[in-house]
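Please have the sequence and the model open while reading.

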Amino acid sequence: MKIKVCGMRNPDNIEDISQLDIQFMGHIFYEKSVRNVTQKLPEKNGSHKRIGVFVNAPYEQILETVYFQSLDGVQLHGNEEVALLKKLHSAFPNLILIKTFSITANFNFEETLPYEGFAEYFLFDTHGLHPGGNGITFNWELLDQWQSRTPYILSGGIAMQHTHAIKQLKNKPDVLDINSKFESSAGIKNTALIQQFIQEMKSKYSADEAGFYGEFGGAFVPEMLYPNVQSLKESYKKLIQEPSFQEDYKKLLQDYVGRPTPLYFSKRLSAQYGAKIYLKREDLCHTGAHKINNTIGQILLAQRLGKKRIIAETGAGQHGVATATVCALMGLECVVYMGEIDMARQAPNVARMKMLGATVKPATSGSKTLKDATNEAIRDWIANPTDTFYIIGSVVGPAPYPEMVAEFQSVISEEIKKQLLEQEQRNTPDYVIACVGGGSNAAGAFYHFIEDESVQLIAAEAGGLGADTAHTAATTFRGTVGVIHGSKTLLMQTEDGQITEPYSISAGLDYPGVGPLHAHLFQTKRAKFFSINDDEALAAGLNLCKKDGIIPAIESSHALAVLEKMTFKKEDVVVVNLSGRGDKDLETYINYFGF
Ligand SMILES: *Cc1c(COP(=O)(O)O)cnc(C)c1O
């Protein structure tokens, strides 16, 4: 969609906004408007079209202004007749003519018919006290009933929070006209805010203001939690952009986590698969996996928000350990909820958390696994909304968590870009392959390549005993749309909406849903999803042990197994995200292979 910034009059501000990727700039020539232009506009700098806005002005005045202000187009905002458009067209055949209509609940769209063929655009604005600039939206559903060969400009109170609704419109506008909601004071536009709006409208795969990736995401939380989620949403972007936050975060990633992790070229895998295979070594992070990138980010945020107590839920215990680790580092109280059955199955991780000073609370209801632990954590959060910060471990949960976690993990692809430039003299690979449980390591490995469709994104889900059996965690393959963990996404559920127990030999991929970003990447076919069965993953894991002397986590082995299923060209650059190391999985490897 094109962008028109309207109501511009200040020369410096005009210069700033001209630098942005906008297609039209509107200047108001109407005495009664607070944004009325009274001086000659500065020389145009930028490729946008300069539009003059008039309200029932006489023909001669419009003509004069078009000459004097070097206008590319004219927007007629009053009750102008078709005859005026005809007259203007014969005087300036190249002039862009825009006719405005004020929309009321019972607006008759047939009023536009006489102007068809004479206006290049129709502009629909809210009917208000003044002709334009009222800062209120009209009921956009009215547009559904309108069909025309003239494209339209949507106007009237458009604000940052509308990006989602605009993308969902059935009858899409060609141009968005923004004005009062992007001002820092009357007539002065906020450049950064407009830039952010353009970015959000352009990007196909990032979350919008409401935290939706396409139809997935959002914050489906109990009313009592809404203030928590809302305040986090409002504060986190600002906080993490602060230089002091970035400094602390980068320093800890470097000195404590051990970043940057290497991008390792595997000669022998490259020979085996007939492509240039690189491994991004997240297995070398402190605690043995990528999860720490995220918990470091969230604990710094919790500190800045003045929280005294951290809660988390964990299934296999890995996120619990990563959370307990950063709480020890910062000296904050840590409570980890874990299903009673999981506690028995993952005793070493329970011990680790305790050694790190955390309290592990068993969830004893339901199936006594991850989803019950999640319920307990949410209950705790409701009871302790002011002093407690809830650290979520993947790109799941209510907005803003999926977006926030993806941002903390994005350091993975940020490094890949730099490292590829050094090693391959190009900063994008042909393929990025990552396993997906909730999807955080994949989100981080994809992050800086998502909008660049020349990079093929490949996700490996856990097929378990087979995606067509009852023992699987292949969510996109088996899942349907529903709400899990406060977010609308794809999940495995029964016909009446009960979440089905997933299965995978890999504890970290044993999750019945997938983050909303991945549901969107799947639905739009931006990423290709493979389901990898237990057998295939373990074989690929053992292959890496023998070929490179690296014992990978079984989760990461799912990503490696994708290499078996693809055919590459010799010069293809393929990055496999090695999300974690396999020490934690020794027993599973031993039992499976009988070493
Ligand atoms: C937890 C974990 C995963 C799965 O989580 P994502 O959020 O999908 O990344 C993958 N690999 C390892 C090593 C893990 O510990």
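How much area is buried between domain 2 and domain 3, and what percentage of that area do carbon and sulfur atoms give?

## Basis of the report

This is a predicted model, in which local features need pLDDT of at least 70, side-chain atom pairs count only at pLDDT 80 or more, and totals for chains, interfaces and linings use all residues. Residues are numbered from 1 along each chain as its sequence is written, and side-chain values use heavy atoms, with hydrogens and water left out.

## Domains 2 and 3

The chain is divided into domain 1 (2-201), domain 2 (213-249 + 289-403) and domain 3 (250-288 + 409-593); the bounds come from an automatic or database domain assignment.

About 3500 Å² is buried between domain 2 and domain 3, and carbon and sulfur atoms give 63% of it. Buried area is the accessible area (1.4 Å probe) that two parts lose on being put together, summed over both. On the domain 2 side, Phe 216, Ala 289 and His 290 lose the most area to domain 3, together 20% of what that side buries.

In this interface, 41 residues of domain 2 are in contact with 44 residues of domain 3, where contact means heavy atoms within 4.5 Å. The C-alpha centres of the two domains lie 22 Å apart.

## Salt bridges

The interface of domain 2 and domain 3 has 2 salt bridges. A salt bridge is a side-chain nitrogen of Lys or Arg within 4 Å of a carboxyl oxygen of Asp or Glu. The side chains of Glu 501 and Lys 371 form a salt bridge, at 3.6 Å from N to O.
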